Amino acid sequence: MTTHTDDTKSQDLAAEVPVRLNWSQHAPEVYKAMIRLETAAKRGLDPALYELVKIRASQINHCAFCLDMHTKDALAAGESVERIVQLAAWEESRHFYTEKELAAIELTEAVTVLTDGFVPDEVYAKAAGHFDEPELAQLIAAIATINAWNRFGVTCRMTPGHYTPGGHA
């Protein structure tokens, strides 16, 4: 068992699940291309909004590694714990977010869960009402990028808990 110590007590935790594959080591050119895509996708987007999008997609995709990374980065950037926690239930917690953030979160869900059908026109129109076309294109790129990262993280079973904020900046 793994032992975790915090300020108040120590408790036994379940063992970490081993990583299946260090894909970035075995496909370094793909990893470098993903880093370049990540850098390009976030240009022009509000950093707080960008982290909310990353967190929401990672929640939907059950990517523990990305959740660990992006919640830590969001907190380090000044995002509130309350808004991060409420993101999983944003529809019932709308009052924590701006209308623009809500449009981005809703678009994130629609793009992430394509198995439910196409991105609905009303979801796209709502986002288009809050973002100009260049910013909307960047938002869509950001959503696609985090979904790609999530697929690497989940498939290769990347281990959460060891990320330091800003570690992949």
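This is a short tour of a predicted model, with one selection at each stop.

**Stop 1: the annotated span**

Select residues 28-109. UniProt lists this stretch as "domain: Carboxymuconolactone decarboxylase-like", in an unreviewed entry. Colour the stretch by secondary structure. Residues 28-109 are 72% helix and 0% strand.

**Stop 2: helix 3**

Next, select residues 47-61. This is helix 3, with 15 residues. From first C-alpha to last, helix 3 reaches 21 Å, close to the 21 Å expected at 1.5 Å a residue.

Is helix 3 largely enclosed or open? It is largely enclosed by the rest of the structure, because 12 of its 15 residues are buried. A residue counts as buried when its relative accessible area is under 20%. Among the buried residues of helix 3 are Leu-49, Tyr-50, Val-53, Ile-55 and Ala-57. Charged side chains can be found there too: Glu-51, Lys-54 and Arg-56 are in the buried set of helix 3.

Which helices surround these residues? Show helix 2 (28-41), helix 4, helix 5 (81-86), helix 6 (99-112) and helix 8. The buried residues of helix 3 pack against these five elements, helix 2, helix 4, helix 5, helix 6 and helix 8.

**Stop 3: His-62**

Step into the loop between helix 3 and helix 4, where His-62 is found. His-62 is exposed, because its relative accessible area is 66%, and exposed means over 50%. Check the backbone as well. Most residues other than glycine have a negative phi. His-62 has a positive phi of about 60 degrees, although it is not a glycine.

**Stop 4: Asn-150**

Move to helix 8 and select Asn-150. Asn-150 has a relative accessible area of 1%, so it is buried. What does Asn-150 touch, leaving out residues up to four places away in sequence? The list is Ala-57, Ser-58, Asn-61, Cys-63 and Cys-66.

**Stop 5**

Phe-152 counts as partly exposed, because its relative accessibility is 23%. Beyond its sequence neighbours up to four places away, Phe-152 touches Trp-23, Val-30, Met-34, Arg-157 and Met-158.

Follow one of those contacts to Arg-157. Arg-157 sits in the segment after helix 8. At 34% relative accessibility, Arg-157 is partly exposed. Its phi is near 55 degrees, a positive value in a residue other than glycine.

**Stop 6: the second largest pocket**

Select Val-17, Ala-64, Met-158, Thr-159 and Pro-160. Of the 18 residues that line the second largest pocket, these lie nearest its centre. The volume of this pocket is about 270 Å³. Helix 4 (64-76) and helix 8 (133-155) each supply at least two residues of the lining. Colour the lining by residue type: 10 are nonpolar, 6 polar and 2 charged.

**Last stop: Ser-93**

Finish in the loop between helix 5 and helix 6, the place of Ser-93. Is Ser-93 buried or exposed? Ser-93 counts as buried, because its relative accessibility is 4%. Gly-78 is 15 residues away along the chain, and the C-alpha atoms of Ser-93 and Gly-78 are separated by 19 Å.

Definitions and conventions
Residues numbered from 1 in each chain as written. Predicted model: local features only at pLDDT ≥ 70, side-chain atom pairs only at ≥ 80, totals over all residues. Heavy atoms only, no water. 1 Å grid on protein atoms, 1.4 Å probe; cavity = no way out; pocket = protein on both sides within 12 Å on 5 of 7 lines; lining within 4 Å. Points joined across faces, edges and corners; volume = space filled by probe spheres on them. Helix = DSSP H or I, 4+ residues; strand = E, 2+ residues; numbered from the N terminus. UniProt positions renumbered as here; feature names shortened; annotations may be inferred. Expected span 1.5 Å × (residues − 1). Buried < 20%, exposed > 50% of the residue type's maximum accessible area, 1.4 Å probe, protein only. Contact = heavy atoms within 4.5 Å.
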